[in-house]
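Biologist: I would like to learn how to read salt bridges and helices in a model. Could you walk me through this one?

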Amino acid sequence: MRRELDVTKHDLAKAHADTVRLEERCKMLERTLKETRELLRSREAELEKVRRERDREKAMGERRRSDVGPQYSAHHSLGSNSSLLIAYPRNSSSLDTRMSSSELARHLHGNRMHLHQEDSRRTPSPSRASSASVSTSASTSISTSSAGTGISNGKNGKTNGKNGNAEEERARLRSAETYMSRIDSWSGAQVLQAVLDINSEILQFAASATEMCNFLSSPSPNTPKLAQAIQDTNARIGPNITSILSNREHSQDPLLVQLALQGCVSLCIARALNSFCIGFPSKSDAVLSQIYTHMHLTEPQPTSAKWRALTHQHIHSIYPTLTDYSVNELSDTILRWCADIFFIANGHSFSPTSPIQSPSSSPPISISPPVSTVPQTTAAHLRVLYLDQIRRISRAVLRLASITREEIMSSSFEVTIADPSGTFEDGEMVDAFGEYGESHGLILVTMELGLKCVTRVTTGINGLSDVSDSPAGHNGSNGVMVNGKEGLLESRLLLQPKVVLESVLEVLDR
């Protein structure tokens, strides 16, 4: 019943997250429609102004022609011919105007309005028709002003110069809008819920694998393969939990094995999410991470976030198979690390009699094959039974990485784990068994991931006005001096990582 309750809570949380995401998308579409209408009104006002100037210049030209007489008729005819020549290509230039308008819309709304762009491509929208009329009228005004250039008194040239400067200024502001946008597709609460979902998936995998594994009561003989597995696990999750796994007997109570599995998977996911681009070569990823860190300290928050989003997006555009490769590599790494933990804990085999239940939103994991075709090693058993579930976790991790790097501009979200060789710090982490006794001893593993929000704030101007609207949590900030300019980074801990301390052994031995 508790497992069904967890599944129901999981589905409810996902439905709530989907509802919040759809509501925010609806608000964004409404805001986009409002901004488009304002843009159309401003374009219509400019068009009316151009028409009035054209009528005034035309009236002045007719007045001058009536005063001067027929001696300028030849010049007038030449001006009319040039007007026709200039006005001729105006229909072909209207396409360029529509393209620039779509680019402007993408700059204003962060290149995240895919559905809106698909609808615009299928049906001609009023904005495109208005853009075409604006371009046609602009071409007509250019031809008229060119025809009357020879007879103007110089004031119109100054006016055109001012208008050209204004157009250049508006174009510059539109181009800068790309790096100053702070539109977030996901809120801090949604990112927090995604991390909680990943923690829930890790818990379900560790509990199912531990429950189905058969542990031997007699210690396994020391072999070179066992020594290598112990050495590798020491380097991954620390020597404390590795020593406990290898020295204790787990046939009656395999809870420590489950905790070690949760810590192993959490650590592997945290390492993946702390890279700049999951699956990218390590040397190139390190260079990109250093560049982004420096930009985060020296540039405004929207600038560094937009560079991060564009770089991450174009990496996946250049390497379209990088996501599938990353899912496979992350899944293989998790399975290999977990197999070593079962090997150290003297896990013998997995029971193929009962199926593994997964959340109702996902198909159930397939039961192991018949006994005659089951592989002989524990690692092979683990891969056959849990590969689909591990792949689902890996895909969720890749999705979270894409969201935090490409769709959030106002801040930077990072998953956190505790140092396996460190000590417990109250307020920075949570003891998973703190309610059963006093928290003391070294940290064994981090069984659930934490989440923090890091934002570069502007110092001296409105204090912390640049902080994103994330859920309130533990606040802390640290200033870093780079090239003589202070970059103040405010770090807020939204979700404390849940750790297991050495005091858990006293709880289990009671």
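Modeller: Happy to! Let us begin with Arg492 and Glu490, which are both buried (under 20% relative accessible area; exposed is over 50%, partly exposed in between, with a 1.4 Å probe and protein chains only). Their side chains meet in a salt bridge, with 4.0 Å from N to O. Before we go on, please note that this is a predicted model: local features need pLDDT of at least 70, side-chain atom pairs count only at pLDDT 80 or more, and totals for chains, interfaces and linings use all residues. Residues are numbered from 1 along each chain as its sequence is written, and side-chain values use heavy atoms, with hydrogens and water left out.

Biologist: What is a salt bridge, and how many does a search of the whole structure find?

Modeller: Side chains of opposite charge can pair when their charged atoms come close. The rule here asks for a side-chain nitrogen of Lys or Arg within 4 Å of a carboxyl oxygen of Asp or Glu. Searching the whole structure gives 10 salt bridges.

Biologist: Which parts of the chain does the pair Glu211 and Arg3 link?

Modeller: The closest N and O atoms of Glu211 and Arg3 are 3.2 Å apart. This pair links distant parts of the chain, as Glu211 sits in helix H7 (residues 188-212) and Arg3 in helix H1 (residues 2-68), 208 residues apart. Helices (H or I, at least four residues) and strands (E, at least two) are DSSP runs, numbered from the N terminus. Glu211 is exposed at 56% relative accessible area, while Arg3 is partly exposed at 44%.

Biologist: And where do Lys452 and Glu414 lie?

Modeller: Those two form a salt bridge as well, with closest N and O atoms 3.7 Å apart. Lys452 is in strand E6 (residues 450-457) and Glu414 in strand E3 (residues 412-416), so the pair ties together parts 38 residues apart in sequence.

Biologist: Now helices, please. Which residues of H8 are buried?

Modeller: An α-helix has 3.6 residues a turn, so residues three or four places apart point the same way. In H8, the buried residues are Leu226, Ala229, Thr233, Arg236 and Ile237. They cover an arc of only 85 degrees around the axis (taken from the directions from the helix axis to the C-beta atoms), which puts them on the same side of H8. Pro224, Gln231 and Ala235 are exposed on the other side.

Biologist: What do the buried residues of H8 pack against?

Modeller: They pack against helix H9 (239-247), helix H10 (255-273), helix H13 (322-344) and strand E5 (443-448), where contact means heavy atoms within 4.5 Å.
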